[in-house]
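Subject: Structure handover

Hello,

Here is the structure you were waiting for. Please open it alongside this message.

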Amino acid sequence: MTQQAAALQTYNNELVKCIEDLHSKREELNRQIKQEEEEKDRLQHDLRVLSEKLSRVNESLAQRLTARATFDRTIAETEAAYTKILESSQSLLSVLKQEAGNLSKATEPRRKEH
């Protein structure tokens, strides 16, 4: 019987050691789970913050793109109008020179023919 009691005591000791090892591994796993949950919470918070920031940047970008399109349209319209003004000025100058030449000819003294 003593042999059986000794074997039983050995098994009992090993069983207790295995249970303690399992508890230890569970506690380590629990620590890792808490750590990852904290990281997950932090990442979710960062994601919310970044999403809000992205939304604000997209809104601002859309407004700026609209403003730039307005500038482009205004510049194009102004340049086209300015080109027309230049063309009209050139035509006016040409007509004025022609009329001035005609007036000069009309006011020159006539030469006597010999």
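Below is what was found in it, from the overall form down to single residues.

Please keep in mind that this is a predicted model. All of the values below are computed from it.

Overall form

The chain has 1 helix and 0 strands. The helix, α1, covers residues 2–107. The C-alpha trace spans about 170 × 25 × 10 Å along its principal axes.

How much of the chain is buried? Of its 114 residues, 0% count as buried. The accessible surface amounts to about 11,400 Å², and carbon and sulfur atoms account for 57% of that surface.

L92 counts as exposed because its relative accessible area is 59%, and the cut-off for exposed is over 50%. From L92 to R110 is a step of 18 residues along the chain, and their C-alpha atoms are 29 Å apart.

Charges

The chain carries 19 positive and 20 negative charges. The mean position of the positive charges and that of the negative charges are 12 Å apart.

E39 has a relative accessibility of 39%, so it counts as partly exposed.

Salt bridges

Side chains of opposite charge can pair when their charged atoms come close. How many salt bridges does the model have? The count comes to 3, and they are as follows.

- D21 and K17: the two side chains meet in a salt bridge with an N to O distance of 3.4 Å. Both residues are in helix α1, 4 residues apart, which is about one turn of the helix. D21 is partly exposed at 34% relative accessibility, and K17 is partly exposed as well, with a relative accessible area of 49%.

- E27 and R26: the side chains of these residues form a salt bridge at 3.6 Å, N to O. E27 has a relative accessible area of 45% and is therefore partly exposed.

- E28 and R31: the closest N and O atoms of this salt bridge are 2.5 Å apart. Because E28 and R31 are 3 residues apart in helix α1, about one helical turn separates them. E28 is partly exposed at 34% relative accessibility, and R31 is partly exposed at 43%.

Why does K17 count as partly exposed and not as exposed? The relative accessible area of K17 is 49%, and exposed requires over 50%, so K17 stays in the class in between.

Regards

Technical notes
Residues numbered from 1 in each chain as written. Predicted model: local features only at pLDDT ≥ 70, side-chain atom pairs only at ≥ 80, totals over all residues. Heavy atoms only, no water. Helix = DSSP H or I, 4+ residues; strand = E, 2+ residues; numbered from the N terminus. Buried < 20%, exposed > 50% of the residue type's maximum accessible area, 1.4 Å probe, protein only. Areas by Shrake-Rupley, 256 points an atom, 1.4 Å probe, with all protein chains shown as cover. Lys, Arg positive; Asp, Glu negative; His and termini not counted. Charge placed at Lys NZ, Arg CZ, Asp CG, Glu CD. Salt bridge = Lys/Arg side-chain N within 4 Å of Asp/Glu carboxyl O.
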